[in-house]
Amino acid sequence: MSDFLEALGRAPDLLAQHLLLAMAALVLGIVLSLPLAVLSARVPVVGRVALGFASLVQTIPSLALLALFYPLLLSLSTLVGGGIPALGFLPSLLALTLYALLPILRNGVTGLAGIDPAVIEAADGVGMTAGQKLRLVEAPLVAPVLMAGIRTAAVWTIGAATLSTTVGQPSLGDMIFAGLQTQNWALVLAGCFAAAALALAVDALLGVIEHGIAQRKRGRVWVALGLLAAGILVALAPMLPASKPTVVIGAKGFSEQYILSRLVGHRLEAAGYHVQYKEGLGSGVMFAALTSSDVDVAIDYTGTIWTNEMKRGDNVPRDAMLAAIGAWEAKKGLNLLGRLGFENAYCFAMRGDRARALGVVSLDDLAAKADDLSFASDPEFLERPEWKAVKAAYPIRFRAANAYSPTFMYRALAGGRADVISAYTSDGRIAADKLVVLADPKHAIPNYDAILTISPRFAKNAKFLAVLRPLIGRIDVAAMREANYMVDRDTAKASPDAAARWLAAKIGL
């Protein structure tokens, strides 16, 4: 219970941003849907097209819809010379607004179509204009049906807003995704509880408004509207200009990234910066966010930049790779500050007993046995160039290959649902679970030194660089594994924040 209450303590700031995003999307959805509903009721062709489009949007998974806005806005920003944020609030707002359209539009059209024609004829008979007829006759009759659609849209929007975490918009999804990755179920439960409570509260207030309209009790309507407005004003508080310079730290969706982003964040906060985190980003999204200064600092890996961004298929020595990446990033305005000191490479791992029983110690051995084995990887690996390079170097054809979040990938291996996984060399679970890392005699997998990269906005800021430079070369793989395991273990788990503080003390910072 104490873990749940402690996790719930992280909710207020995220709850405010979640509410702000969801309400902004709902209001924008209402603004777009209402005139469209009136036009759709008057012109059947417009109605068929509008409802068809809104229905089509609903068939797109909300996570995919959020992700699709990133390349769209990035391309648009490039066309107009920059300035359009491709991550964070804007793509989340656009995606959620589209999601809110259907219930409002459909209920509005249904309500208008259901009005008794005799009532409309009576309004025409007394000489009402089209505007008077809409305002004085149709709107009051349609309001209860329309409010039902708005309530449905509100609940959908608040639920889907948890996914905005994946495009860098802080929301209650931050707690859910971080808890899922680190197996902190109290954090997941607290995030779900807060999102559900918010949805129920908003739905209840909208219900009061609906009832007030139906019963023609204006006092109830204004009180409920006032409470909603007060909630939104509270949500606006974090948007007030910070008195300190704000830095955005990017991180991917696994424990090591959560820990290192907090390590960087703690140093910047101590130096007087206001820090925001955009966590759970994919590799490609995070690098693009760095180049566009949507993210100011991030930790990536040399092999990821080499294969994913530079499209290099060769494998060169560590120093040569680092120098080539630094020169390439400099052309994009980035500053590769240096290596942190440890490597987190992809590797293939098996349970010790299973590897010994099959006589597998290398990828060559694995290739000979793969036909009878199942493979589990993180969602990214099966689409990465490294996997293609491994398949080109070794004739590996698994019986089955499935993607899991990293946490569940290790669970699948432990439970026998997978025979081989794509693990990470700095993961503390390799030693804790007594896994065997298979040798790569053909060097198909490149180096993966952890590197600290600064966005163009701070690339030449001497004060900023001086704060982060002490991290360079200070973290060895043993310390990183231990910090990772503090977060990933099943009992006596530490939060990424606590693990970052432990790691800072361990390396003497």
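Me: How many of the 509 residues of the protein count as buried?

Reply: Of the 509 residues, 50% count as buried, where buried means under 20% relative accessible area, exposed means over 50%, and partly exposed lies in between (1.4 Å probe, protein chains only). This is a predicted model, in which local features need pLDDT of at least 70 and side-chain atom pairs count only at pLDDT 80 or more, while totals for chains, interfaces and linings use all residues. Residues are numbered from 1 along each chain as its sequence is written, and side-chain values use heavy atoms, leaving out hydrogens and water.

Me: Why is S33 called buried?

Reply: S33 has 1% relative accessibility, so it counts as buried. Its place is in helix α2; helices are DSSP runs of H or I with at least four residues, strands are E runs of at least two, and both are numbered from the N terminus. Leaving aside neighbours within four places in sequence, S33 is in contact with L101, I104 and L105, contact being heavy atoms within 4.5 Å.

Me: And why is V49 called exposed?

Reply: V49 has a relative accessible area of 57%, so it is exposed. V49 lies in helix α3.

Me: What makes the nonpolar surface patch of about 390 Å²?

Reply: That patch is made by L36, L39, V43, V45 and V49. The elements giving two or more residues to it are α2 (11–42) and α3 (44–59). Accessible areas come from the Shrake-Rupley method with a 1.4 Å probe, and for residues only the protein chains shown count as cover.

Me: Which residues of helix α18 are buried?

Reply: In α18 (residues 406–414), P406, T407, M409, Y410, A412 and L413 are buried. What covers them includes α8 (173–182), β5 (346–351) and β8 (420–424). Just after α18, G416 takes a positive phi of about 85°.

Me: How many helices and strands does the protein have?

Reply: The protein has 22 helices and 10 strands.

Me: What share of the contacts with a separation of 6 or more comes from residues 24 or more positions apart?

Reply: Such residues account for 76% of those contacts in the protein.

Technical notes:
Patch = residues over 30% accessible without salt bridge, like charges linked within 9 Å, V, L, I, M, F, W, Y side chains within 5 Å. Salt bridge = Lys/Arg side-chain N within 4 Å of Asp/Glu carboxyl O.
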